[in-house]
Amino acid sequence: MDLENVLNILAMITINLGVFNLIPFPALDGGRLMFLLFELFTGKQINQKYEILVNTIGMAVLLSFMAFVTFSDITRLF
């Protein structure tokens, strides 16, 4: 591979990570953006305890999904 191919792959990985991070799911930046939009439209600030709870549950779901996918990939190898 030459340097141009490596830089193209690096750019695609960076763009994909940025788009994935903007998915409106708790514990990602898109989830935070949804909370900010809610506050903007309602004019009320969300209770911090509720926001922490939603982000914790979202992170647990996201980590569980990643563990499931990793486990599925490893079991396919054997």
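Residues are numbered from 1 along each chain as its sequence is written. Because the model is predicted, local features need pLDDT of at least 70 and side-chain atom pairs count only at pLDDT 80 or more, while totals for chains, interfaces and linings use all residues; side-chain values use heavy atoms, with hydrogens and water left out.

Helices are DSSP runs of H or I with at least four residues, numbered from the N terminus. Helix 2 has 14 residues, and the distance from its first C-alpha to its last is 20 Å, close to the 20 Å expected at 1.5 Å a residue. The expected span is 1.5 Å times one less than the number of residues. Helix 2 is followed by Gly-43, which has a positive phi near 80°.

Burial was assigned from relative accessible area: buried means under 20%, exposed over 50%, and partly exposed in between (1.4 Å probe, protein chains only). In helix 2 the buried residues include Gly-30, Gly-31, Phe-35 and Glu-39. The cover over the buried residues of helix 2 includes helix 1 and helix 3. In helix 3, Glu-51, Gly-58, Leu-62 and Ser-72 are buried, and what covers them includes helix 1 and helix 2.

Phe-35, in helix 2, has a relative accessible area of 9% and is buried. Contact is defined as heavy atoms within 4.5 Å. When neighbours within four places in sequence are left aside, Phe-35 is in contact with Ile-46, Tyr-50, Glu-51, Val-54 and Asn-55. Phe-35 and Ile-46 are 11 residues apart along the chain, and their C-alpha atoms are separated by 7.6 Å.

The loop between helix 1 and helix 2 contains Pro-26 and also Ala-27. Pro-26 is partly exposed, at 21% relative accessible area. Leaving aside neighbours within four places in sequence, the contacts of Pro-26 are Gly-31, Val-54, Asn-55, Gly-58 and Met-59. The C-alpha atoms of Pro-26 and Ile-52 lie 9.6 Å apart in space, although the two are 26 residues apart in sequence. Ala-27 is likewise partly exposed, with a relative accessible area of 27%. Although Ala-27 is not a glycine, its phi is positive, about 80°. With neighbours within four places in sequence again left aside, Ala-27 is in contact with Asn-55, Gly-58 and Met-59. Ala-27 and Val-54 are 27 residues apart in sequence and 8.1 Å apart from C-alpha to C-alpha.

Side chains of opposite charge can pair when their charged atoms come close. A salt bridge is a side-chain nitrogen of Lys or Arg within 4 Å of a carboxyl oxygen of Asp or Glu. The structure holds 1 salt bridge. It joins the side chains of Glu-51 and Arg-32, with an N to O distance of 2.5 Å. Glu-51 is buried, at 13% relative accessible area, whereas Arg-32 is partly exposed, at 37%.

Glu-39 is placed in helix 2. This residue is buried yet has no salt bridge, and Arg-32, its nearest side chain of opposite charge, is 4.8 Å away. For such charges, Lys and Arg count as positive and Asp and Glu as negative; His and the chain ends are not counted. Apart from neighbours within four places in sequence, Glu-39 is in contact with Lys-44, Gln-45 and Ile-46.

A nonpolar surface patch of about 740 Å² is made by Met-1, Leu-3, Val-6, Leu-7, Ile-9, Leu-10 and Ile-13. Patches are made of residues with over 30% relative accessible area and no salt bridge; like charges are joined within 9 Å, and nonpolar side chains (Val, Leu, Ile, Met, Phe, Trp, Tyr) within 5 Å. Accessible areas come from the Shrake-Rupley method with a 1.4 Å probe, and for residues only the protein chains shown count as cover.

Note on methods
Helices (H or I, at least four residues) and strands (E, at least two) are DSSP runs, numbered from the N terminus.
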